[in-house]
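Reader: Can you walk me through this one? I'd like to start with the charged side chains and move on from there.

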Amino acid sequence: MPHSQTSAPRVGFLNGRLARGASPWLLPTVATAALSLTRARKSGRWAAAAVPATALAAGMLWFFRDPEREIAQGRVISPADGVVQSIMPWKDGRTRVAIFMSPLNVHVNRAPLAGTVTSVEHIPGGFVPAFNKESENNERVVWHFDTELGDIEMVQIAGAVARRIVPYLPAGTKVEQGERIGLIRFGSRVDIYLPEGVEVAVEVGQATTAGVTRIDRD
């Protein structure tokens with residue numbers, strides 16, 4: 001099992017914790033729900049407001065869940081929860097596996113292999129839906145890992161709702177396979193590029209679980 005990141009405050013929730021980077025969205029929502037519930041006993045207006053506020057707070061808690069995982073065995077494991085959107089041979093011999101993350105998926109991404117983070121680059125861009133072909137130009141964070149398979153590239157891509165990508169680690173950090181490395185708020189897409197000669201084990205339309213689903217085949 002990968003070691004936990006000591007800087008991440010643990011919160012008991014759904015057999016895990018809440019994602020780092022959720023606070024700007026989560027805290028105001030939960031505070032509003034708590035206030036409306038407190039005042040609902042004395043005011044009909046607050047009672048009416050308490051229902052949607054509490055529902056929104058519960059939704060935020062669900063969106064930002066970060067459950068513990070039993071990390072799978074294999075050379076390359078999925079960095080994201082979601083569905084395989086496309087599998088595309090690349091000009092340089094690599095194969096790109098694109099995983100679409102819906103707002104209902106866990107939004108925390110994990111390291112596909114053990115190794116060292118060699119670069120973390122934020123690239124500004126648009127915010128079209130991640131299933132759109134033009135999402136190639138969306139805001140994204142490009143990761144490179146030095147691994148036993150050589151350089152592995154992974155890209156976190158923002159979508160129409162996901163307006164912020166939160167990397168957890170800087171360049172130079174050693175990571176274990178399956179370790180939490182970042183968050184895309186409210187879903188979007190994660191691409192991983194498999195080196196030439198590495199056969200893909202997943203299919204388009206297949207559901208993936210970060211840290212659990214194996215991406216490559218022996």
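**Salt bridges, core and a sheet**

Author: Arg75, Arg214, Asp216 and Asp218 are joined in a network of salt bridges. Keep in mind that the model is predicted.

Reader: How many salt bridges are there by this rule?

Author: The count comes to 11.

Reader: Which residue does Arg69 meet in a salt bridge?

Author: Asp81, with 2.9 Å from N to O between the side chains. The pair links distant parts of the chain, 12 residues apart, and both Arg69 and Asp81 lie in the loop between strand S2 (65-67) and strand S3 (82-89).

Reader: Is Arg69 buried or exposed? And what about Asp81, buried or exposed?

Author: Arg69 is buried, because its relative accessible area is 14%, under the 20% cut-off. Asp81 is buried too, at 7%.

Reader: What does Arg189 pair with?

Author: Arg189 forms a salt bridge with Asp191, at 2.7 Å from N to O. Arg189 is buried at 2% relative accessibility, and Asp191 is buried at 1%.

Reader: And the salt bridge of Arg94, what is its partner there?

Author: Asp92, at 2.8 Å from N to O. Arg94 counts as buried at 17% relative accessibility, whereas Asp92 is partly exposed at 42%.

Reader: Switching to the nonpolar side. In the largest nonpolar core, which residues touch the most other members?

Author: Val97, Trp143, Phe145, Ile181 and Leu194, out of 33 residues in that core. The elements giving two or more residues to the core include strand S4 (95-101), strand S7 (140-147), strand S8 (150-157) and strand S12 (188-194). Strand S9 (165-167) and strand S11 (180-184) are also among them.

Reader: What does Phe145 touch, not counting residues up to four places away in sequence?

Author: Its contacts include Pro112, Val117, Ile152, Met154, Val175 and Ile181. Thr116, Thr118, Gly150 and Asp151 are also among the residues that Phe145 touches.

Reader: You mentioned S9 and S11. In what order do the strands of their open sheet come?

Author: The order is S5-S11-S9, 3 strands with antiparallel pairing. Strand S5 (108-110) and S9 are the edge strands, each pairing on one side only. From one strand to the next, the twist averages 25°.

Reader: How many bridges join S5 to S11?

Author: There are 3, and the two strands run antiparallel.

Reader: Which residue in S11 is the bridge partner of Arg110?

Author: Arg180.

Methods:
Residues are numbered from 1 along each chain as its sequence is written. This is a predicted model: local features need pLDDT of at least 70, side-chain atom pairs count only at pLDDT 80 or more; totals for chains, interfaces and linings use all residues. Side-chain values use heavy atoms; hydrogens and water are left out. A nonpolar core is a set of buried Ala, Val, Leu, Ile, Met, Phe, Trp, Tyr and Cys residues joined through side-chain atoms within 4.5 Å. Buried means under 20% relative accessible area, exposed over 50%, partly exposed in between (1.4 Å probe, protein chains only). Helices (H or I, at least four residues) and strands (E, at least two) are DSSP runs, numbered from the N terminus. Contact means heavy atoms within 4.5 Å. A salt bridge is a side-chain nitrogen of Lys or Arg within 4 Å of a carboxyl oxygen of Asp or Glu. Two strands pair if DSSP finds at least two bridges between them. Axes are lines fitted to C-alpha atoms, for helices over the stretch in contact, and angles run from 0 to 180 degrees between N-to-C directions.
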